[in-house]
Amino acid sequence: MTFLLWLEALLLFVAAVFAGLGAAGFNFSLVLGSATVPELVVRGVLGLFSAAFLGGSSLALVAWAGRVERHRPLRQPGPRGLIFITPYTVTQLASQLLAQELETTPFRIRLRPQGDALSLRVFLSLPEGAYVPELAERLQELLTSELSQRTGLKIQEVQVVVHGTSRTG
Amino acid sequence: MARPEGLRGEEEAGRINIAKDVISTIAALVVAEIPGVFAPTGDAFSQGAVRRHVDTELLGGRVRLAMRIAVEYGRVVPELVQELQEKVKFEVERMTALPVEAVDVEVCRVVGPKEGG
């Protein structure tokens, strides 16, 4: 996460350098071979570079904000104080549940907080002989009921994405 | 020498100072006694974990605690955390006579049954 902030700062700095060069009152006429590039064109190119780096910086900032949001602990009030549960904790719980249910089938979980609720996306390879709608419903039921019961959090939705098939044995 | 930051109370026989660290340590010792609760590292909640994982705030003579913990897999988190909050509040109030406003708890991770030390 810190990497994205550094990247954002670096891109912003480079954008500022280009913008500063473009705005400075130097004579920017360039001689390339026998042709002379006019000052206006040089300033335009510097402006484009500056805009590109500013755009990159904005993207890094958006990515960083997204990560912060995904890692934000979910809050629920308790009688003696607040209870925060990190998304990482919920992912661990979901992984344990799925590992017991799916045994050797590989899977991956993505979690997205939505206010004080959560939405989960499970990517998995279809186990041999499994019927997709039945499997998806079973996993949705398992994750929704167990996670809400064990964490007290509202599970908004569980999406199951089958991205391949797996063979055992 | 600078005194550790803490709460002061006026008693008939003299002044009582209670350092924040004392309150944090009491809280950590209570937490260490609760089955299924660990430090965020997955180890048992030791006194060494106090500074890193327990914060004590003093607001107008009232105590507010914030702690980070890990829970054992299979436990019902809200129940376990509420038990922790009750016990910490009770013990801090009993030992220091300071009112505890809240015990905020952040559950950082789950510890597998074999992992907890």
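**A salt bridge and its surroundings**

A: Asp104(B) and Arg64(B) form a salt bridge, and their closest N and O atoms are 3.0 Å apart. Asp104(B) belongs to strand β6 of chain B and Arg64(B) to strand β5 of chain B, so the pair ties together parts that lie 40 residues apart in sequence. The model is predicted, and every value here is computed from it. Side chains of opposite charge can pair when their charged atoms come close.

Over all chains, the count comes to 12 salt bridges.

Next, consider the two strands. Strand β5 of chain B covers residues 62-72 and pairs with strand β4 (residues 54-59) of chain B in the antiparallel sense, over 6 bridges. Strands of a sheet pair through backbone hydrogen bonds, either parallel or antiparallel. One of the residues involved is Leu58(B), whose bridge partner in β5(B) is Val63(B). β4(B) and β5(B) make a hairpin with 2 residues between them, and Gly60(B) in the turn has a positive phi of about 55°.

Strand β6 of chain B covers residues 100-111 and also holds Cys108(B). Cys108(B) counts as buried because its relative accessibility is 16%. Leaving out residues up to four places away in sequence, Cys108(B) touches Pro40(B), Arg68(B) and Ile69(B) in chain B, and Thr86(A), Tyr88(A) and Thr89(A) in chain A. Ile16(B) is 92 residues from Cys108(B) along the chain, and the C-alpha atoms of these two residues are separated by 35 Å.

Ser24(B) lies in helix α1 of chain B, which spans residues 20-32. With 4% relative accessibility, Ser24(B) counts as buried. Apart from residues up to four places away in sequence, Ser24(B) touches Val50(B), Val54(B) and Thr56(B).

A second salt bridge in chain B joins Glu91(B) to Arg94(B), with the closest N and O atoms 2.5 Å apart. Both of these residues lie in helix α3 (residues 77-96) of chain B, 3 residues apart, or about one turn of the helix. Glu91(B) is buried, because its relative accessible area is 19%, whereas Arg94(B) is exposed at 53%.

Among contacts in chain B with a separation of 6 or more, 63% come from residues 24 or more positions apart. Chain B exposes about 6,200 Å², and carbon and sulfur atoms supply 49% of this area.

The side chains of Glu101(A) and Arg138(A) meet in a salt bridge of 2.2 Å, N to O. This pair links distant parts of the chain, with Glu101(A) in helix α3 of chain A and Arg138(A) in helix α4 of chain A, 37 residues apart. Glu101(A) is partly exposed at 29% relative accessibility, and Arg138(A) is partly exposed at 35%.

There is also an open sheet in chain A, where 3 strands stand in the order β5-β6-β7 with mixed pairing. β5 (107-114) and β7 (154-166) of chain A are at the edges and have a single partner strand each, so one side of each is left without a neighbour in the sheet. From one strand to the next, the twist averages 15°. Helix α3 (residues 87-102) of chain A packs on this sheet and touches β5 and β6 of chain A, its direction making about 145° with that of β5(A). Helix α4 (residues 132-151) of chain A packs on the sheet as well, touching β6 and β7 of chain A, and its direction makes about 145° with that of β7(A).

How values were computed: Residues are numbered from 1 along each chain as its sequence is written. Chains are lettered from A and ligands numbered from 1 in the order in which they are written. This is a predicted model: local features need pLDDT of at least 70, side-chain atom pairs count only at pLDDT 80 or more; totals for chains, interfaces and linings use all residues. Side-chain values use heavy atoms; hydrogens and water are left out. Contact means heavy atoms within 4.5 Å. Accessible areas come from the Shrake-Rupley method with a 1.4 Å probe; for residues, only the protein chains shown count as cover. Two strands pair if DSSP finds at least two bridges between them. Helices (H or I, at least four residues) and strands (E, at least two) are DSSP runs, numbered from the N terminus. Axes are lines fitted to C-alpha atoms, for helices over the stretch in contact, and angles run from 0 to 180 degrees between N-to-C directions. Buried means under 20% relative accessible area, exposed over 50%, partly exposed in between (1.4 Å probe, protein chains only). A salt bridge is a side-chain nitrogen of Lys or Arg within 4 Å of a carboxyl oxygen of Asp or Glu.
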